[in-house]
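Hi,

Here is the structure I promised to pass on. Have a look first, and my notes follow below.

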Amino acid sequence: MKKISLVFAVVLGLNAPVLAADTTAPVKEIMDATIKNWSGTDADWIDIFDASRLTRLYSKDFVTKYQAAVQNPAADEDGISPFDYDVIVNGEDACPLQDLAYTPKPAANGATEVVVTFKKATCMDDGSDKQAVTTVRFQVIDEGGKPVIDDVITQGDPGQPPNSLKNTMVQIAKGE
């Protein structure tokens, strides 16, 4: 009898490990698009902030900050994005991403941090550390019964604190 109840609980999403796996879903969708963007093929660039993803994968607060940043006329010359770099790889250039790993952390303060690591410079010939591992931390919250990305935190320059994408968007909206 207990086995049947556990099966139903898992099917219904009532088991904590199932919810933890769901927490990575919006992160994996963004990372899948980023992987395709840097795959080395001539495929069209996938906008990780297009209207369908923005309202489905990101928190309301994130969307509000993004929309304010887009309004800044100095944001990006193409008028598509407020960013002039890939916010996931934290740069303008990258190779096909390698050695991806997803590590969801235990929930704390209403958020689950999903840590993603990867190598982005394995094809570079410019003296880059080809084996360097990039770390991106996604803050995922539950909003309306589904997991959504509330912030994206990237490594800062050496000796500098990490970069919050939400803070960056606030600065862009202010024209800074």
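Which residue does a disulfide join to Cys95? The partner is Cys123, with an S to S distance of 2.0 Å. The rule here takes a disulfide as a pair of cysteine sulfur atoms within 2.5 Å, and by that rule the count comes to 1.

Before the rest, a word on the source: this is a predicted model, where local features need pLDDT of at least 70, side-chain atom pairs count only at pLDDT 80 or more, and totals for chains, interfaces and linings use all residues. Residues are numbered from 1 along each chain as its sequence is written, and side-chain values use heavy atoms, with hydrogens and water left out.

Back to the cysteines. The torsion about the S-S bond of Cys95 and Cys123 is about -95°, so this disulfide is left-handed. Cys95 is buried at 0% relative accessibility, while Cys123 is partly exposed at 45% (buried is under 20% relative accessible area, exposed over 50%, partly exposed in between, with a 1.4 Å probe and protein chains only).

Now the sheet. It is open, with 5 antiparallel strands in the order β1-β2-β3-β4-β5. Strands are DSSP runs of E, at least two residues, and helices are runs of H or I, at least four, numbered from the N terminus; two strands pair if DSSP finds at least two bridges between them. β1 (98–104) and β5 (163–164) are at the edges with a single partner strand each, so one side of each has no neighbour in the sheet. β1 pairs with β2 (residues 111–119) over 5 bridges, and Gln98 sits opposite Lys119 in β2.

Cheers
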